[in-house]
Amino acid sequence: MKQSELSTLVQPFHVMELVKHANALEAQGKPVIHLSIGEPDFPMPEPVQQALVQAISTNKTRYTAALGLPELRQAVSDYYRSAFQVQVPANQIVITSGASAALMYACLALVNPGNEVLLADPGYPCNKTFIQMTGGTPAFVQTAEEENFQPSWADLSKHWTEKTAGVLLASPNNPTGTQLTATAMKEITAGVATRGGFIIVDEIYQSLCYDHPAQSVLQVTGAPSEQMPLLVINSFSKYFGMTGLRLGWMVVPENLLPAIERFAQNLSICPNTPAQWAALACFQAETLAICEERRKLFKARRDFMVHALPGAGIELHSTPDSAFYIYAKSPYSSEDYCKDLLEKAWVCAVPGKDFSQYRGNEMMRFSYANSMENLQIAIERINQFNQTGSPKAV
Ligand SMILES: Cc1ncc(COP(=O)(O)O)c(C=O)c1O
């Protein structure tokens with residue numbers, strides 16, 4: 001059987017291979033600590049759990065409209081108004097199967113074969129795949145550690161060619177846990193609009209930020225329109241701890257809605273129905289209070305890790321203020337170091353190669369979506385391993 005060209009182009013997610021190896025070690029009885037996966041360690045908030053059970057037991061399990069439940073689109077619109085003081089009409093909000101489907105629809109609606117899309121390097125590995133699936137080419141823009149690994153308009157405009165269709169960025173970003181400043185967002189959105197391109201901003205980690213109030217590019221631009229060709233991606237996965245329910249949303253200019261609707265109808269029919277009913281509970285005061293408590297716990301973990309890693313022999317080259325990641329310098333080739341750290345110290349962190357074309361082998365990512373107790377043990381083991389090359393007795 002002959003496979004498609006696309007199937008050979010799509011890269012594996014290396015993180016998953018390492019995690020498989022970690023799981024195999026765990027199955028042999030090794031007490032592995034996972035600092036690898038980008039997933040909150042908390043369960044889904046109780047009110048959302050109850051709403052999900054209620055949705056299923058009242059047979060809310062049939063297809064919904066392709067663009068999502070009107071009630072949920074309205075709830076997201078209200079959330080933008082109450083949490084970010086921005087007016088985004090509900091009809092410009094599309095509910096999707098996670099940020100993943102939103103990114104896919106956005107690329108399908110905007111990228112032609114032969115187009116280039118500018119991506120910040122380092123960045124989320126799947127972005128290049130979404131672009132490749134449209135026949136487009138990802139063009140990686142190397143970012144500087146002094147700029148917290150986020151690009152400026154000056155960086156992006158240098159890479160803009162006649163093939164460039166637009167820009168896809170994430171703020172806060174994965175793997176760096178750093179954000180674009182409001183000034184950078186303003187300059188980038190204005191610059192891209194002048195060039196007649198599009199800008200997609202992935203804000204999936206938006207409310208997981210620790211040093212400043214959460215922000216949205218929409219506060220800078222207002223609702224997207226034909227004049228402001230912006231698409232904003234978000235998700236219930238991270239802040240609301242609903243990774244497995246596969247639910248997200250996007251904010252789009254009105255003129256793109258018919259195309260997005262056709263892709264949604266054809267590719268997934270609709271997002272998960274019980275999950276959409278459950279997600280309505282995310283915006284209740286009780287759920288938001290639970291998420292806020294969790295955000296504070298993430299902040300305490302971030303503070304601990306940022307101070308403890310350098311003491312354990314891992315240099316940080318940026319200031320992570322959001323998400324639950326730290327992108328740090330690996331003591332030696334990150335692929336070898338992460339393998340050694342896993343096999344000898346039973347700490348699973350991931351090499352940078354999934355995230356960066358340029359410095360992937362120099363850098364690594366730690367996820368602090370794990371308990372403080374486990375983070376403390378992990379730091380002791382990393383310290384011991386870096387000093388002696390041998391595991392700490394456990
Ligand atoms: C930056 C970024 N965007 C999108 C996604 C996909 O998220 P979802 O679970 O909402 O599909 C992830 C998942 O880790 C991510 O880190």
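**Exercise 1. Determine how helix H3 and helix H12 are oriented towards each other in this predicted model, and which residues make their contact.**

Step 1. Helix H3 covers residues 46-57 and helix H12 covers residues 285-311; the two pack with their axes 8 Å apart, at an angle of about 135°.

Step 2. Angles over 145 degrees count as roughly antiparallel and 65 to 115 as roughly perpendicular, with the rest, beyond the roughly parallel class under 35 degrees, being oblique. H3 is therefore oblique to H12.

Step 3. On the H3 side, the contact is made by Glu 46, Pro 47 and Val 48, and on the H12 side by Glu 286, Thr 287 and Ile 290.

Step 4. By class, the residues of this contact are three nonpolar, one polar and two charged.

**Exercise 2. Describe the largest pocket and state which parts of the chain line it.**

Step 1. The volume of the largest pocket is about 510 Å³. It is lined by 27 residues, of which Phe 13, Gly 38, Tyr 124, Tyr 205 and Lys 238 are the closest to its centre.

Step 2. Helix H2 (14-27) and helix H5 (98-110) each contribute at least two lining residues; H5 gives the largest share, four residues.

Step 3. Domain 1 (5-44 + 286-386) and domain 2 (46-284) each provide at least three residues of the lining.

Step 4. The lining comprises 13 nonpolar, nine polar and five charged residues.

**Exercise 3. Characterise the second largest pocket by volume and lining.**

Step 1. The second largest pocket holds about 320 Å³ of space. Among its 16 lining residues, Glu 147, Asn 148, Gln 179, Leu 180 and Thr 181 are the closest to its centre.

Step 2. Its lining divides into four nonpolar, eight polar and four charged residues.

Key:
Residues numbered from 1 in each chain as written. Predicted model: local features only at pLDDT ≥ 70, side-chain atom pairs only at ≥ 80, totals over all residues. Heavy atoms only, no water. 1 Å grid on protein atoms, 1.4 Å probe; cavity = no way out; pocket = protein on both sides within 12 Å on 5 of 7 lines; lining within 4 Å. Points joined across faces, edges and corners; volume = space filled by probe spheres on them. Nonpolar A, V, L, I, M, F, W, Y, C, P; charged D, E, K, R; others polar. Domains from an automatic or database assignment. Axes fitted to C-alpha atoms, helices over the stretch in contact; angles between N-to-C directions. Contact = heavy atoms within 4.5 Å.
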